[in-house]
Structures are given as C-alpha cells and as structure tokens.
Amino acid sequence: MEDVNAFIRRLNSLVSKICVEDDPVKSDDIISQLMVMLERINQLSLDALQKLHVEQQLQFQGSAVSLWNVAVAKKTSGSVSSLFIAKLRHLACNIAVTSSLGNTNFAVLKRHLCMTSKAASDWLVRHLSCNIAVTSSLGKTNFAVLKRHLCEHSHPSGLHLKVKIILLSNGNNAKPQAAIDELWSHPYLTLDLATETIHLLTKHNRLDVAVKSCKVLGSRFHGQNADSKLKVLHIELLMKNEELTQAQEILHQCITGSSTVNFDPSSLRTLHSMLWEQASVVFENGDFNTALLWYNLSYSLFTHYMELESPNIARLQRNRAPCFINLKQYNKADEAVHDCIKHDSRNPYTHFLSFRVALYNDNSLQAIEAIKTLSASRFENEADCSIEPAGSAVGSLISLAAQQAFEQTNQAVAVEALEKLLEHSTDYKQLMTTYRCLIRLRCTPAEGEEKKETDVKKVWSYLKSAYELLQKKGSGGGHTQEVTLEETNWFMKIAWNLAIENSDSSELTYKFFSLCAEFCALIGQDKASLGRQKTCLVMAAAACLQTARETIEVQEKSTLLEQVLDFVKTCRDVYSQFVGADVINSSDRALVLLNLYEFEALGKLGRSVEMELFAKQICSSHSTDTKTIETLAAMSMEPPCQYSSLSKKLLTVALERHKETVPVEVTRCSKILHSLIQLSLGDGNCSDSSRTDEAWGHFSDALCLIQNREQTEYPEMEILWLMTKSWNTGIYAYGTGKVEEANKWCSLSMKLLNYLTNFKESYEPKMQALFEEVSSKMEDANSAEIKLEP
C-alpha cells in the first residue's frame, strides 16, 4: 500500500464526499471505492496494523465515526435502501476495528461490539461473508466479551458468529454443540446460513458434528431445493469423513427411489463431480473396482433422471472404459467406448480408448483404424475430468498408443502409431527417437516374415526426413552439436548397411549411398569423413547409372542421368578436398570410374559436344590409362548416341599410346585395329573412297605389326579376320567396277594368307583358286558369287 498518510487523506476525502452526496448512483460509486480501500486495509499484516501511530489511528477512527453517523442519518431519513445502510455500517465497523487492533480498553471493545452487532442486524443473510471478514479481524480480542454480547442480541447471523468465535477461541477443545443447537432452533434460520455453518464446522474438522447437523436440518427444511442441497451436502460430508459405505447407501436409496429426494440440476452436477473426483482418487491408487463402483453410481443417476443424452455421458463413459480395460473386461470396455462414440465422436480420447480396446483384443486392423481416426481428430474443449487427460495434445495420445503397442509386441500397430506421431510432433528429441524406432521396426520383420521392399523404401523416407531434421538442427553448437553428430553417425551407418544389403536393387542402392554421403557431409570435413563421402558418392553414381540403364521411361531416364552427373561433380569436389587440389591423380581408380560414369551419362543424354570436349580433356592427360580411353571409345558407339567419329579419335589415341610402349602390346593393338577397321568399312560393302582409304591405313598398320617378328606374334584369329575382311572388300570393289581397287584388296588378302599357321592349309587352296578365277574373269565375274566366307 502507498504511504499511510496519503492513504488516510484519500480515505477522508471519500468519506467527506459520501457525507454530502445525495445522488444514489454517485453514492454507490463512492461506496465501491471505499470497499476497495477497505480490502487493501484487510490485506495488511497484523504487525503492520499494530504499528500505526496514535495520530493515524485517530484519523482512521474519525473516518469510521463519520461513516457510522452518515448511516444513522440516512436510515432515519429513509432516503436509501437497507443494503446501502448495511454497507456503510460494514465499512465503519471494519475501519474502526482494524485500525485499533491491540487496544484492550473495555470501552473501545464495547463500542466495537455494539457497532458489529448493529451492522450484523442490518446486513442481509446473502452478504454474511462480510460479517465473517469482520470477525476474522477480531482474532486477538476478548472472545468472552464477544460471546456474552452476542447472547444479548440473538440473531441467526449473530449465532453463526458465536459458533465461529467458539471454534476460533478454543481450537481443538471447542464444544460448539450448544451454540449450534441454538442456531438450528432459531425461527429465522435460513438454508443458506445453515449450510454455511456446516461448511464452517467442516473447515474446523468437526465432521462428526456436521454430519449429525445434516440429519437435523433434513427435518427442518422442506422443498426440492432444500432437500437436494442438504442431501448432497450430507453425502459430501460422509465422503470426507471416510464413511463411504453410508454415502453409497444414501446414493442407492436416491437411485432406487426409496428416498423421496429429487435432485435439482445444480445439485446433480455437484453430486456427479463429487463421485467422479472420488473415483479418480481410487483409480490413481490402482483400485479399479472401487473406481468403477463410483462411476457406476454416477451412471445410474444419469439413468434415473433420464439424462442419457447428456454430453457428460460421453465423459463418464471415457472414465469407465479405462476401469474395464484395467480389469480386462474388454467387452464392457468396448460397449462403453461405443457409447462414447455415439455421444461424442469427435473427441480424440474416445478414439484412443477405442484403440486400446482393439489392441488388447488383438484386433490389429481395428487398432490401426482407431489410430488413423485419432490422428485426424482434435480437442475442442480443453477442460475434462477425472482420469481423462485434460488438454492433452493428440500427439501425446498417439505417443502413448505407440508405447502400448510396443508393450503388446504388436509391430504393425506400433509402426502405424509412430508414423502418425511424425505428423503431429514438433519436438526434436521425440522425432529423432521416433525415426530410430521406425527404422528398427521396419528393418526387423516380425517372426516368420521376410523384409519387404516397401519396408526398405519406407526406411529410406525415414532416413531422408531425419537427414533434413539433422541438417536444420546442426547449426547449433556445444552439447547440441555433439548429440547431433552422434545421431548422424547412427543414421549414416544404417544407410550404408542398407545400401549393401540391397545391392540387387540398383535404385535402392543409389538412394541409400546418396543419403549416406549426405550424412557424412553433416559429420564434418576431416579426412575420414571426406573419404567416406567419396566412396559413397562413387557407389551412388554407379548404382544411379545402372538404374538409368534399366529405366524405359524417357523423362525418368534423363532425370537419373542428370543425377549421375551431379554425383560425379560433387564427388570430384570432395576428392579435391580429400587429397588437395594440387595433387589430384587422374589415374586414381575413383576418378577413372567417375570419368567413365560422366562420359556414359553425357552420351545417353545426347550431349555430343560435351562428349568431344570431355574426351579431349581425358586424352590430353598423359596419366590417363589407355584402357580408359578404349572404354570411352566403346561407350561412344553405344545407343542411342553411336558417335563413330569420336570413337575413331579415341581408338587412334589409344593405338598411338600402345605403339609408344616397349615392348608394344600387339594383342591390344590388334583389337584396336579391328575396331577401327570395322568402324571404317562396316560390313565390307563400302563404296566411300575416304572410308576405304582410312581402312587401308589401318590394314597397313596391322601388316607392319604382323611382319615385325621382334614383337609378340599377332593373334592368328585377328589375321584371319583381316584376311577375310580385305578379300570381301576387294570383291565388293570388283563388283562395282573398281578393278584396280579390287586387285589391291584381294592381293592384300593373299599376302595376309601367308601369315596364317593353323588355318593356312585349309584356306590356301580355295583362296588360290578363287584369286586365279577372279584374275581371269575380272571383266565379267559376278562378285556376289565368289565372296569368301571365313
């Protein structure tokens, strides 16, 4: 409170206004302000009030006297209501008594008693609480004087105060029965004052007296409201006094009709609330039978008073159902739940109970449907009663459902509940735990079942979501970051293992390796992490390329090929960080594979220009393996691209590199020359002179290698192929009228015949005969009839 002197000045100002104010509305406003100030006085501690200066006490007393005199004057004139007079005297009494606590002067006490008595007489029964506030402030005064004065001024309110004074003055030794009997027999006793007195007895631990009083008052007051109010009060007191059996008997009498009491709506609400509260207490203690007994009494009251359509029926059934479940009476629980749905189908807790009944009945399909319905529902009313969790979020119920499914070892239901929990939860820790549980469940099929591809794909989606969550969370530092790294490692290992396990599916392999690389990137940029990233990206690129090869749909294939290029680019970046930009070795097996993947992807995407540039870049590096160049040449001819010119360039580079080796790898050279000749001549029926000239140069290179005896022998099967190819080319030229060209190619074929060993004897007679025939009939021979077959 502000400075006491300032408070007194404001109080005196309001008292002065009320003394001269005649307008009822303004007077009521001033009274309200004075009531607020009185409340502030009452909030002060006893010690603070006793420390008031004498002058301050006198100023308070003066305000009290002024208010009292105003009340006397206005009551005499009859210009105001009795309620207004009661308020004025109430203010005067409170201010007078409060401001002189500790004053034991008999005259002062007598004046205060006189003021209190008159105020009580004026004050209506419904404002009795104000009188109680006055007596509360008299806690340190002479109670003997108060009791004697109240006996001289008998009034129900005064007798009520007398009972309170007895209880306050004597504590546990108080014997209020005589005062209570006097109050109960008072002709002007009202039901409200009687119930207030009973509550007072209860407050002071006189439950036995309060219970007896209810019986006495039952014969004193009659009428529906009085009967029902007293009956409810009687039951309440019995329950508080642990006389539960007697309380139940009274309830049974009311339900069966042996009692004449008919509860009004207000009393019924109070009674239901009491029963539910009692049931809740015993339920929490694990006494489900007793809890059900109290709930059943409430249900019987609903039935007796034909209130089965009440919205509270659903709430009651939601409380009864868990009792049945814990007692393993699942059929009765199911009936209660169906009644809940009938009266309140939108309440999430109703569907949670439906889930529990289905779960314990081993009805997985029904339990899953209940989970779905629960997930789609929302709480409309935050307040609920008893064991029903008031204000529970739907996510909390779903989490609880998942836990119970685990306890029942019902994997399918647990998975459904956890997946729905992902839709509701926003808590990072809970989400991480949920992802882990789901992954373990999907990766560990139930006994007797095999892991399905759908399970594996679901696990991939969990890992992907977990990665996105970790990526978002990873920006934190300190302990949070350490926890995130531990979780990231766990998910990374899962992704790696699943990529290996599903190697028979290129799509799943590339997806899991891709995720594994992403998890590695979250862990850090140390050597170990970069090495793992590189490995995962190479594997992902390979599997993704294989997936593209197996895909028929054009757009999907293109998307996968683009993904391959992304993997390659990312992997090269990681590799440069791993080894350092200045020490990149193009012969590294990982880079070789990346080059092959990129070239194939470009080819299948039809990017010929980029292929040319890439091939040029590869060939310009002396550290590039010749076999890699040969592989690129072969890829250039794969559909749909089939870039023969690029393939020839690459094969030519490879051939030149082979020639530079010591000793020359004749076998490798023979294969390259074979490919070059085939690219130039095709099936042999070639009329393009530039292509035949190009082929002649390759034949010449082959012949040089064949004739060079210092090197490894040229493979005989390749010589046989060269002989046959040159012969057919000559015959085709002969048939088109190119006599000299034909003679050149046939002569080359005869020369190659001389280098055969195992096949020479079988081919020489036929070749000689044919060559002579061709020579003699060069002008009119039909080339089609004398083609040589190997």
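Phe491 touches Met432, Tyr435, Arg436, Ile439, Leu463, Ala466, Leu470 and Phe519, when residues up to four places away in sequence are not counted. In this predicted model, Phe491 and Leu463 touch the most other members of the largest nonpolar core, which has 198 residues. Another core lies apart from it and has 29 residues, including Ile18, Leu34, Leu67 and Leu88.

Met432, one of the residues touched by Phe491, is placed in helix H23. With a relative accessible area of 2%, Met432 is buried, because the cut-off for burial is under 20%. Beyond its neighbours up to four places away in sequence, Met432 touches Ala466, Leu469, Leu470, Glu487 and Phe491. Between Met432 and Ala466 there are 6.9 Å in space, C-alpha to C-alpha, although the two are 34 residues apart in sequence.

The chain as a whole contains 37 helices and 0 strands. Of its 790 residues, 47% count as buried. Contacts between residues at least 6 apart in sequence were also examined, and 64% of them join residues at least 24 apart. The accessible surface of the chain amounts to about 38,900 Å², and carbon and sulfur atoms account for 50% of this area.

The largest pocket has a volume of about 340 Å³. Its lining comprises 14 residues, of which Gln411, Ala412, Arg442, Glu449 and Asp455 are the closest to the centre. At least two lining residues are supplied by each of helix H22 (411-424) and helix H23 (428-443). H22 provides the largest share of the lining, with 5 residues. By residue class, the lining divides into 7 charged, 6 nonpolar and 1 polar.

Helix H22 also holds Glu419. This glutamate has a relative accessibility of 17% and therefore counts as buried, the limit being under 20%. Leaving aside neighbours within four places in sequence, Glu419 is in contact with Leu438, Arg442, Lys458 and Tyr462. Of these partners of Glu419, Arg442 is also among the residues closest to the centre of the largest pocket.

Several backbone features were found in loops. A cis peptide bond, with omega of about 5°, joins Pro639 and Pro640. Pro640 is placed in the loop between helix H31 (626-636) and helix H32 (644-659). A cis peptide bond also joins Val662 and Pro663, where omega is about -5°. The loop that contains Pro663 runs between H32 and helix H33 (666-681).

Positive phi values occur at Lys328 and Thr409, neither of which is a glycine. For Lys328, phi is about 60°, and the residue is placed in the loop between helix H17 (312-326) and helix H18 (330-343). Lys328 has 63% relative accessibility and so counts as exposed, for which the cut-off is over 50%. For Thr409, phi is about 50°. Thr409 is found in the loop between helix H21 (394-407) and H22. With a relative accessible area of 70%, Thr409 is likewise exposed.

Key
Residues numbered from 1 in each chain as written. Predicted model: local features only at pLDDT ≥ 70, side-chain atom pairs only at ≥ 80, totals over all residues. Heavy atoms only, no water. 1 Å grid on protein atoms, 1.4 Å probe; cavity = no way out; pocket = protein on both sides within 12 Å on 5 of 7 lines; lining within 4 Å. Points joined across faces, edges and corners; volume = space filled by probe spheres on them. Helix = DSSP H or I, 4+ residues; strand = E, 2+ residues; numbered from the N terminus. Nonpolar A, V, L, I, M, F, W, Y, C, P; charged D, E, K, R; others polar. Core = buried A, V, L, I, M, F, W, Y, C linked by side-chain atoms within 4.5 Å. Buried < 20%, exposed > 50% of the residue type's maximum accessible area, 1.4 Å probe, protein only. Contact = heavy atoms within 4.5 Å. Areas by Shrake-Rupley, 256 points an atom, 1.4 Å probe, with all protein chains shown as cover.
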